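Hi,

Here is the structure I promised to send over.

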Amino acid sequence: MTTLNSSSAGSIITGIRFSATLIIVCGVIYTGATTLVGEQLFSHQASGSIIEKDGKAIGSEFVAQDFQAPNYFYARPSAAGYDPTGTGGSNLAPSNPELRDQVRARSQSIQTLEGVDANKIPPELLAASGAGLDPHISPQAAEFQAPRIANTRGLQLNQVKALIDEHTEGKQLGLFGQPRVNVLKLNIALDNASMKNENTED
């Protein structure tokens, strides 16, 4: 029968103590400290970048929503159903018939809604984003929807285009990515513009 000598037992105890210390330092102290610092310096981002309207949370600026009403801008398609707990793409190859059917159905729906031919539709509005939660569209995709928005809202087309310009974000640090428009923020601005327009008419 093999027994542990005092040296081996001491090594085991030292290892356990070292592991416990690392767990406390890295898993508790460090995590807690960075969380507290993040909440103090970046409270908006740390809380999920929540957007509020009239004191109520209506979404996150980094999570797309499924806007279907004709008086709102819509985001890119989502293979995840705009579900933040199930992000991801469809994983369908370009040659997959199912993907082609999905794109064809989206194209037909947009043609009917916007009153345009298929070749006028920005490709990004036909293809789902990789994460399925892309909250942005390009300025071109927003301007594509502008005539419908102006018509359904009773706004001038130049008013809608001005809102798009106001909410167009440039490249990050002037270098990375492409100009983009946050759909949720733009739709909130639309509601505000429509309200002001109604008050002016009254």
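Let's start with His 136, which touches Arg 76, Glu 169, Arg 180, Val 181 and Asn 182, leaving aside residues up to four places away in sequence. Do bear in mind that this is a predicted model. His 136 sits in strand β3, residues 136-137, and it counts as buried because its relative accessibility is 13%, below the 20% cut-off.

One of those neighbours, Arg 76, turns up again in a salt bridge: its side chain meets that of Asp 134, at 3.7 Å from N to O. That pair links distant parts of the chain, 58 residues apart, with Asp 134 in the loop between α3 (97-114) and β3, and Arg 76 in the loop between β2 (56-60) and α3. Arg 76 is buried at 19% relative accessible area, while Asp 134 is partly exposed at 23%.

The salt bridge count comes to 6, and here are two others from my notes.

- Glu 114 and Arg 148 meet through their side chains at 2.8 Å, N to O. Glu 114 lies in helix α3 and Arg 148 in helix α4 (residues 139-153), so this pair ties together parts 34 residues apart in sequence. Both ends are buried: Glu 114 at 13% and Arg 148 at 7%.
- Asp 101 forms a salt bridge with Arg 104, with the closest N and O atoms 2.8 Å apart. These two are 3 residues apart in helix α3, so about one helical turn separates them. Asp 101 is partly exposed at 45%, and Arg 104 is exposed at 52%.

Cheers

Conventions:
Residues are numbered from 1 along each chain as its sequence is written. This is a predicted model: local features need pLDDT of at least 70, side-chain atom pairs count only at pLDDT 80 or more; totals for chains, interfaces and linings use all residues. Side-chain values use heavy atoms; hydrogens and water are left out. Helices (H or I, at least four residues) and strands (E, at least two) are DSSP runs, numbered from the N terminus. Buried means under 20% relative accessible area, exposed over 50%, partly exposed in between (1.4 Å probe, protein chains only). Contact means heavy atoms within 4.5 Å. A salt bridge is a side-chain nitrogen of Lys or Arg within 4 Å of a carboxyl oxygen of Asp or Glu.
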